[in-house]
Amino acid sequence: MDRVNIGFAALTMNEDLGLSASVFGFGSSLFFVAYVLFEMPSNIAMERFGARRWIARIMITWGIVGFLSAFVVGPISFSVSRFLLGAAEAGFFPGVILYLTQWFPKAYLARIIAFFMVAIPLSSFFGSPLSALLLKLDGFWQFQGWQWLLMLEAVPAIVLGLLALVCLPSKPSEANWLAAEQKEWLEARLKKEALERQEHAQEGKHAHGGKIRAVLTNKYVWLLALVYMGSSATSNTLSLWMPQILKSFELTNTQAGLLNMIPFGIAAAFMIFWGIRTDKSGERVLNTALPLALTSISFAATLLTGSLVVTLILLTLVLMGNYAIKGPFWSLTSETLSPASSAAGIAAINTLAHLGTGGMSALIGYLKHETGSFPMALLPLCALTAVGCMLVLFIGYRNTRMNGAKLLAN
């Protein structure tokens, strides 16, 4: 919520601070610049200090920065606040993905990642009406509504960060709720799968180690990053801009907040369904490519309508496809990377993807400012997700050929 609530704050904040669409888009993009700069070092630090301490540090820091963002006074301070928030949050997502791979066998990973990442659409589902309600506190104790929104929605991160220090174990052997034989079974299963991935990485042509340089010279890391770039850019830019897209149909803030819930709520439910379906089928490639295709086609169709109802349906389809990719994509990624390269590899893919996300945030703001049309401004996302779909199919084709050649050799 701390990342996406700025989209609702913008409904009144932009006018108060004199932020144009292009300035808002540029300032918002600085979040991702900082996220990119600090993400890989942060994820490596988590390996050193442990998940419990480092995830808690990240959450407490971003909560404090989010709270202080309520006191920006213009374009410069707004841009600085977004940069600092990105720096504070860097490393959280890949850190949690790495953390989950240290707890769950691969047969359960897609659904578990989906359960974790469903927090993204749910943050907009619950945050939309809450944010619209907080905007009504305008003038209470001499604060603007958007200031109350930013302050109050930053508090949960600080509280949950403190709880993580007390409640979050770093590994299965520290889990008090597991019996001794359960810990032994789980750790043995995870160790066996880690050895299998290590052997596969050493035999494969695109094996790589845990060094950042080795990861960044792996072409498959770059291809996967480009694939995820479309999904990351879509979820983050729509979270920022969808309240304004809906408001452009001459809705009130409350109406925009209530309608904004619908696409994210449906997407959250579909995300869980798709993650479970992916694990049951064991198919990662098609279950990643098909949602990307749905996202791209739905984006293109927004150009053909000026109806609020049809636009809402299309944006719902966009988000259904966009969030459905999360579980199968990261499951596929974690199965591909060797244990030694998991931390740096996951961080690299997420980091490189966010380069595109930051660029898209700024580009959409510029296109909206120049054309006055949100469908035109969203066309780059349509193209990026289409490219991602084709790249997934290409990677799947190459993997099939490599596996076939290995079977013939044996």
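Is aspartate 279 buried or exposed? Aspartate 279 counts as buried, at 11% relative accessibility; here buried means under 20% relative accessible area, exposed means over 50%, and partly exposed lies in between (1.4 Å probe, protein chains only).

The model is predicted, so local features need pLDDT of at least 70 and side-chain atom pairs count only at pLDDT 80 or more, while totals for chains, interfaces and linings use all residues. Residues are numbered from 1 along each chain as its sequence is written, and side-chain values use heavy atoms, with hydrogens and water left out.

**Salt bridges**

The structure holds three salt bridges, a salt bridge being a side-chain nitrogen of Lys or Arg within 4 Å of a carboxyl oxygen of Asp or Glu. Side chains of opposite charge can pair when their charged atoms come close. The pairs are set out below.

| Pair | N to O distance |
|---|---|
| Arginine 111 and aspartate 279 | 2.9 Å |
| Arginine 189 and glutamate 193 | 3.2 Å |
| Aspartate 279 and arginine 284 | 3.1 Å |

The side chains of arginine 111 and aspartate 279 meet in a salt bridge. Arginine 111 belongs to helix α6 (residues 106-117) and aspartate 279 to helix α13, so this pair ties together parts that are 168 residues apart in sequence. Helices (H or I, at least four residues) and strands (E, at least two) are DSSP runs, numbered from the N terminus.

An α-helix has 3.6 residues a turn, so residues three or four places apart point the same way. Arginine 189 is partly exposed at 27% relative accessibility, while glutamate 193 is buried at 8%.

Helix α8 is largely enclosed by the rest of the structure, because seven of its eight residues are buried. These are Gly145, Trp146, Gln147, Trp148, Leu149, Leu150 and Met151. The buried residues of α8 pack against α1 (5-17), α3 (51-68), α7 and α9 (155-167).

Threonine 101 is part of helix α5 (residues 92-101) and is buried at 15% relative accessibility. Apart from neighbours within four places in sequence, threonine 101 is in contact (heavy atoms within 4.5 Å) with Leu109, Leu190 and Ser334.

**Loop residues with positive phi**

Tryptophan 141 is not a glycine, yet has a positive phi of about 55 degrees. Tryptophan 141 occupies the loop between α7 (119-134) and α8 (145-152) and is exposed, with a relative accessible area of 64%. Glutamate 250, likewise not a glycine, has a positive phi of about 65 degrees. Glutamate 250 lies in the loop between α12 (219-247) and α13 (253-281) and is exposed at 76% relative accessibility.

**Cysteines**

A disulfide is a covalent bond between the sulfur atoms of two cysteines. With the criterion of a pair of cysteine sulfur atoms within 2.5 Å, a search of the whole structure finds zero disulfides. For cysteine 389, the closest cysteine sulfur is that of cysteine 382, at 11 Å, which is too far for a bond. Cysteine 389 is buried at 13% relative accessibility, whereas cysteine 167 is exposed, with a relative accessible area of 53%.
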